[in-house]
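Reader: Please show me the model, and then I will ask about its chains and how they meet.

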Amino acid sequence: MSKRKVRLFPWFAYQNRDSVKQLKEHADELDGISIFGKRMPAAELFACCREYGIDTLKLVGGTGEGAFETPAQARATIDGFLRDCTETGYGGIDLDYEHVPPRLLKPYATFMRDLGRELHAVGKRLSICVHGMAVGEHGRPETFAFYDPEAIAAACDEVRPMCYDYYFAPRGITGPTTAWLWAREVMQFWLQYIPLEKMYMALPAYGNDFSTLPNAKTGKQVNFEHPTWVEGAHDIEHAWLHQERLNFYRYLDADGKPRVLYATDEESTRELLKIVDAFRIPAISFWYYQTMTPGIWKALKEFPGIAGVPRLPSRKAY
Amino acid sequence: MAKTKRKRLLTPWFPYQNAGSIKLLRDHADVINGISIFGKTPSPEFFACCRERDIDTLLLVGGKASSFDTPEHARATLDGYLKACTEDGYGGIDLDFEHVTPDYTDAYTVFLRDTAKELHAIGKRLSICVGCYPLAQHGRPSRVHFFEPEVIGECCDEVRVMCYDLYYAPHCLLGPTSSFPWARDGMRFWLQYVSKEKLIMGLPAYGNDYDMSPGAGFGWQVNFEHPSEIVMSHAIESFWLHYERLNVYRYLNHERHTHIHYASDGKSTQHHLTTVEDLDLGGISFWHYGTITPSMWQVVYYFLRGK
């Protein structure tokens, strides 16, 4: 049975055996992890997850090209995922194809349907990460996206709208990674298509930091909550952005260069959790576990969950 | 087609300064349905110009709770409004009380009802300026406001939603004066209480500009669209904020201080106008007429006339 009324299921970066130690720090809080990294997790990680009752998914991604463009490619990809689940110990697959050409919308939907059916047949689960698309941002989804929301709803057990990268710092000059009004719209959009019980709200565990010097190019995604975490930062000024519901800082770095930080912290997370509460979303995720700060954990621990929402089925029921 | 029969109205706030204001008005008189006047009391020639060109006039009035907190104060204020309408020639009153505490909600309700009744009795109109209050910003409106939205819907002939000052530059470090989703959310809020024909979407004719140097203090409201309009600005970079639907610029000023400028321009205005169309609102206004830029006029003309 789920340990809490709202499931906590972040993405988890596996690097080496130290990752097991990292997992244990909050193992009691976790319902599941979606694992990514260059290395195959050690058997010890899966054993630890079993011990603490933590579900595991394998995060997979790419552009989709070469993965499911043809029936033969799709077959090979599905076979690889089935092997991952049956031989390695993953409880399922978490799809994160993010830059698929729209021409692959139908092959992707077919691939998803087949993958879902075959995973379910061996008692495994299918999850998917979807963009924070919103009508306010993109117009009708069929004009740009490679997603078929109805196919996702039918095939997947979990749908994770990524409520971050509202402004993707490495390609912009200013702006936060998420904003309350936008995140709410993202969830409203996906709730039109996906049954509530399958919905996750995926939150950022990083802020956006920019130099304000002209020609400074683009910004950085950072996992500090406050400029004081940066060595040598000084002349820090603060403002609460009431629409975005997050803390904003203007400061000088150690070299005296001006910067701004749109923070992700306890307060911004607490505000986003109000959306989880308002829509009765049954589960949340973070990108990603290792960058979740003490402030984020504090907001989570104080979050009361959702009164009245039925508990999810036990893991064995999947 | 007569202007008053057009589907959407254009009724900007108008700063009256002197006889030259008549010329300013004439520049766009053919698309204007009304103006809400602030500044000096206009000359009879100005009112004559408005009548001749079928432009309604409102007197923009503000004030504190002391304008209506007792029956005597309310009576005196109301008498002043009636006098302005009957003696000066205004077609009505545009209320702009903005910083009153919720303690005066009941008194303001009585004042609104009495003002509407007495203005209507002499053939004049009551308009009101209200804030853009989506839940994202303020939560339930009754917690922070001094008026009842239902009463406003009942009493007023025009409700002008000020879809600006989302971030009030003179009191903050960074942020635009308006944004597409915020303004749309605000208009949806008011549609719950006010019939769409009465709703006027108030748009900004100014942007927000900030010196990003620590210690530089708060920002400025500015009426340039692009940093290139500032003498000796340089190293200008632009970025389209896809969700807010506006242009932001990073540039150096003449002292080589980095500035961030959130623009209000033709493009941002055009996106706001889609909200007017989508929600089928009664019309638009601008704060204020004197700072509407050529590119804004261009999209407004196209919006109103299709060319």
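Author: Helices (H or I, at least four residues) and strands (E, at least two) are DSSP runs, numbered from the N terminus. This is a predicted model, in which local features need pLDDT of at least 70 and side-chain atom pairs count only at pLDDT 80 or more, while totals for chains, interfaces and linings use all residues. Residues are numbered from 1 along each chain as its sequence is written, and chains are lettered from A and ligands numbered from 1 in the order in which they are written.

Reader: How many helices and strands are there in chain B?

Author: The count rests on the DSSP runs just defined. For chain B it gives nine helices and 14 strands.

Reader: What is the radius of gyration of chain B?

Author: The radius is taken over C-alpha atoms, and the globule rule is 2.2 Å times the number of residues to the power 0.38. For 307 residues the rule gives 19 Å, and chain B comes close to this, so it is as compact as a globular protein of that length. The radius of gyration of chain B is 20 Å.

Reader: What share of the residues of chain A count as buried?

Author: A residue is buried if 20 or more other C-beta atoms lie within 10 Å of its own, exposed if 12 or fewer, and partly exposed in between, with C-beta atoms placed from the backbone. Of the 318 residues of chain A, the buried share is 47%.

Reader: At what angle do helix H3 and helix H4 of chain B pack?

Author: Axes are lines fitted to C-alpha atoms, for helices over the stretch in contact, and angles run from 0 to 180 degrees between N-to-C directions. Angles under 35 degrees count as roughly parallel, over 145 as roughly antiparallel, 65 to 115 as roughly perpendicular and the rest as oblique; H3(B) and H4(B) are therefore roughly parallel to each other. The axes of H3 (residues 71-88) and H4 (residues 105-121) of chain B are 11 Å apart, and the angle is about 30 degrees.

Reader: Which residues of H4(B) meet H3(B)?

Author: Two residues are in contact if their C-beta atoms, placed from the backbone, lie within 7 Å. From H3(B) come Ala74(B), Leu78(B), Tyr81(B), Leu82(B) and Cys85(B). They meet Phe111(B), Asp114(B), Thr115(B), Glu118(B) and Leu119(B).

Reader: How many residues of chain A are in contact with chain B?

Author: Helix H7 (180-191) and strand E11 (234-241) of chain A are among the elements that give two or more residues to this side. On the chain B side, 27 residues take part, and on the chain A side the number is 27.
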